[in-house]
Amino acid sequence: MGGNHTQSEFILLGITDRPCAQTPLFVLFLLIYIVTLVGNIGIIILVRVSPSLHTPMYFFLTHFAFIEVCYSTVISPRMLADLLSEDKTISFSECMMQFLTFAFFGSAECHLLAMMAYDRHMAICHPLLYVTIISSHVYWKLVASSYLFAFLSAIICTRSVFGGSFCGPNHIDHFFCDVVPVLKLVCSDTHSSEMVIFAFITINAVGTSVVILLSYISILRTVLRMCSAQSRARAFHTCTSHLTAVVLLFGSAFFMYLQPPASHRSLDKVASIIYTMVTPMLNPFIYSLRNKEVKRALVKCRTRFFNHWQHGRVLSSRT
């Protein structure tokens, strides 16, 4: 997959070259990473142990949380190590694998958000058919297809990025191996590679955003026809969390990837931090703090755990 490369390693320049800023940034991003892991793994465990959350919407949410954990883990540990290390070199194969996994989980995340929008569309616009159409067989197939398409997209994009010749500078002006900073180091013509990458980004990002947009247009039309104000408020409330996650991810991704190469500037690192670290951290809060079902399940789980702990203390005291 690596093509005719001559460089055996790259040097990641990271977020900043100011030594005084690296330790505070390390502490900040370490906290973000820990919160990301705890929040998303907590969502996965809560859905698995709560029968009330065994619905298609939360099935998609567990996969979304799993992707967020993997997505963040692809980037954060390496970036944290580089903030404290003088040696910021990364081998060609490591750089390529980092981009491959990053592209895979990023594409899968876009597709899952589209699946979740379609799920909300069916639940609100076709409630009587929802249980029969969105069966366990169907949503397993939807998730599997999103992973498959994301994997194929990642393979083709990786081949396009790393298939050229790297014979010049080896300094990547970024904190991970991303499309634009890596392509800047290619000595051969990158026009065809850029077209392939742009096509797949368009299919993954724009294509899935169109699915989301059409789903919410249909939801809006259905909600506005509802007679009860309470029903309208409940329908809008179930979509708020998903819409917030969509805006955070697609807003920063569109800013980063759907602009001409000549327009890329220092703000790209800020946009990358938002969608690789901040968004995965915020999503568990987005889907739990404003979600009554998740709150009820969390209270039940906490009560069950407390009762079990109290029962264990009683038994131990008797013995």
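In which helix does Leu128 lie? Leu128 is part of helix 4; helices (H or I, at least four residues) and strands (E, at least two) are DSSP runs numbered from the N terminus. This is a predicted model, in which local features need pLDDT of at least 70, side-chain atom pairs count only at pLDDT 80 or more, and totals for chains, interfaces and linings use all residues. Residues are numbered from 1 along each chain as its sequence is written, and side-chain values use heavy atoms, with hydrogens and water left out.

**View 1. Leu128 in helix 4.** Leu128 counts as exposed because its relative accessibility is 82% (buried is under 20% relative accessible area, exposed over 50%, partly exposed in between; 1.4 Å probe, protein chains only).

View 2. Strand 1 (residues 9-12) pairs with strand 2 in the antiparallel sense over three bridges. Glu9 stands opposite Ser91 in strand 2.

**View 3. Thr279 in helix 9 (residues 267-289).** Thr279 has a relative accessible area of 1% and is therefore buried. Apart from neighbours within four places in sequence, Thr279 is in contact with Glu68, Leu248 and Ile274 (contact means heavy atoms within 4.5 Å).

Terms used. Two strands pair if DSSP finds at least two bridges between them.
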